[in-house]
Amino acid sequence: MKLKLIFTFFIIFCLSLTAQEISADDVKEFSSKLNDQIIGTIVDPSTGIKGRGVISIGKKIIFQYDVPNEWYPFDDIKEVVTRNLIESGNTKIYVYGKIDIAYYYFKNDRLIKMVNIDWEDLNFSLGDYIELTNHPKSNGLEFKLKSPLGWEIKEGDGPHIVKKFVSDDAMYLIFINEIEQFYSSKEVVDLFSNDADVRELLEAFGNSSGLTLSNYKIFTIENHPFIYTHGTLKKERMGYEMNGKVHFWISFIEDQLVYFMGSSYSDNDYYTEFFKITNSLKLLNQYY
Amino acid sequence: MIYLIKAFSSTAVILVMLVGLIRQHGYSSKNYVKTQEYETSKELKPYIDKFFRDLNSHGIYPAIPTKFIMKFSSLDSHKSTSHVHGLSFGFEDDDKVEIYINKNSWNSFNKAQKHYIVYHELSHDILNLDDLNDSIENYGRIMFPYISRYNGLKMNDFIENMKHLFKSIK
């Protein structure tokens, strides 16, 4: 509870620096305040982990703990801590201030474990795989992919939208629709190697109001070719016009049109995040 | 190519929905086998539909007999059929399709094998095609008689061999 209040204070403190960069001195000052609060405090009653102190090195905050003799770090402690931080929603300030964090664990005054987390890892990390083979809208396509930590996972609201991953100002969706015949991987490779054919497909794809697609590239994901393209979407709401950025990875797999679409209506372009989600795709039972 | 453009055009509707506009679009795949007129297992019907869809996309439009039975059967429970994965009785009889698929085999088959066995049995009854010889060069073909040996094959193998078959009989 106390720590929560401290974090809240820290967030307000940092946000009050409106548009100023958070400096190493700012981090040091705050670490000092945190240090006063954390020393000797039982931070986890279930394990008996006690606060040992907080220090900073540059723009890295290091939380130090004393652990009981019977405590041992689990193998994936970094993943678990990162996941907990993101899912608790307490990462924005680190991302905003580009502040790295670390957790040091001491047993009998001896350092037994260090966990270092870069602020970029707190900005975006993928969670577990979501198996979508048996989803009714997957049309039997055998695949899975990872959802981003801290993003809401929603069912698709359109007839062919399998799932949506939604954050504050970005959305990623998985679209699958049956086409009228099977295509082998080789046929898709051949099709996508023909520039005129790809442009014709993209023209049909983007031929709806508001969607302007830029050039394209061919990507290989899971040994299967995908067209990557991006562009802008115009959206009008309550008389205000918003311009969104969209990214698409499109392909034909067996007898299904499959595309992954990431979109955002803010100044942020989430290409890297959308790319990471798409790149986590696993097409199951494709290999010998 | 035209199918793909149609599919893409259909996709555009979703995009329109995403920007808040509502439009309707008429794309839907045809169901070639109507449940009410034919005796088929529900689980088999999508595979049967795809068989006729793929025949049509290769320019093959066979007459569909009024007597159309394709369903699961406990072939394992009969001594004479205990090692049979599928049986067809409409070979060289254009008035009927009568196919029984071994339910236990079906449950053990991967996705490609399920497509293989449905296309194999329907090719007997609809296209009057006979089994191929058990030879290495026929391995992977739709009319190869031992689908159980296809447990290492993938959907890509099925697609290529299905197209090879339908192109050869066009």
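**View 1. The two domains of chain A.** Domain bounds come from an automatic or database domain assignment. In this predicted model, chain A is divided into domain 1, residues 3-123, and domain 2, residues 126-283. The centres of domain 1 and domain 2 of chain A, taken over C-alpha atoms, are separated by 37 Å. Contact between the two (heavy atoms within 4.5 Å) involves 5 residues of domain 1 of chain A and 6 residues of domain 2 of chain A.

Residues are numbered from 1 along each chain as its sequence is written, and chains are lettered from A and ligands numbered from 1 in the order in which they are written. Local features need pLDDT of at least 70 and side-chain atom pairs count only at pLDDT 80 or more, while totals for chains, interfaces and linings use all residues; side-chain values use heavy atoms, with hydrogens and water left out.

**View 2. The open sheet of 5 strands in chain A.** The strand order is S1-S2-S3-S4-S5, with mixed pairing. Strands (E, at least two residues) and helices (H or I, at least four) are DSSP runs numbered from the N terminus, and two strands pair if DSSP finds at least two bridges between them. Strand S1 (42-44) and strand S5 (110-117) of chain A stand at the edges with a single partner strand each, so one side of each has no neighbour in the sheet. On average, neighbouring strands of this sheet are turned by 35° against each other, direction ignored.

**View 3. Strands S2 and S3 of chain A, with two helices on the sheet.** Strand S2 (residues 49-57) and strand S3 (residues 60-66) of chain A pair in the antiparallel sense over 7 bridges. In this pairing, A:Ile57 stands opposite A:Lys60 in S3(A). Helix H2 (residues 24-38) of chain A lies across S1, S2 and S3 of chain A and runs at about 165° to S2(A). Such angles run from 0 to 180 degrees between N-to-C directions, and axes are lines fitted to C-alpha atoms, for helices over the stretch in contact. Helix H3 (residues 77-87) of chain A also packs on the sheet, where it touches strand S4 (100-107) and S5 of chain A. The direction of H3 of chain A makes about 50° with that of S5(A).

**View 4. The open sheet of 3 strands in chain A.** Here the order is S6-S7-S14, with antiparallel pairing. The edge strands, which pair on one side only, are strand S6 (126-131) and strand S14 (282-283) of chain A. S6(A) and S7(A) run antiparallel and are joined by 4 bridges; A:Ile130 has A:Leu145 in S7(A) as its bridge partner. Strand S7 (residues 143-148) of chain A pairs with S14(A) in the antiparallel sense over 2 bridges. In S14(A), A:Leu283 is the bridge partner of A:Phe143, and A:Lys282 is that of A:Lys144.

**View 5. Helices H4 and H5 of chain B.** The axes of helix H4 (residues 111-125) and helix H5 (residues 155-169) of chain B come within 8 Å and cross at roughly 20°. H4(B) and H5(B) are therefore roughly parallel to each other (angles under 35 degrees count as roughly parallel, over 145 as roughly antiparallel, 65 to 115 as roughly perpendicular and the rest as oblique). Their crossing is left-handed, the near helix being turned anticlockwise from the far one by less than a right angle; clockwise would be right-handed. Residues of H4(B) including B:His115 and B:Tyr119 meet residues of H5(B) including B:Phe158 and B:Leu165. By class, this contact has 8 nonpolar, 3 polar and 2 charged residues (Ala, Val, Leu, Ile, Met, Phe, Trp, Tyr, Cys and Pro count as nonpolar, Asp, Glu, Lys and Arg as charged, and the others, Gly among them, as polar).

**View 6. Helices H2 and H4 of chain B.** The axes of helix H2 (residues 45-57) of chain B and H4(B) come within 10 Å and cross at roughly 65°. This crossing is right-handed. Among the residues that meet are B:Tyr47, B:Phe51 and B:Asp54 in H2(B), and B:His115, B:Val118 and B:Tyr119 in H4(B). The contact residues of H2(B) with H4(B) divide into 6 nonpolar, 2 polar and 3 charged.
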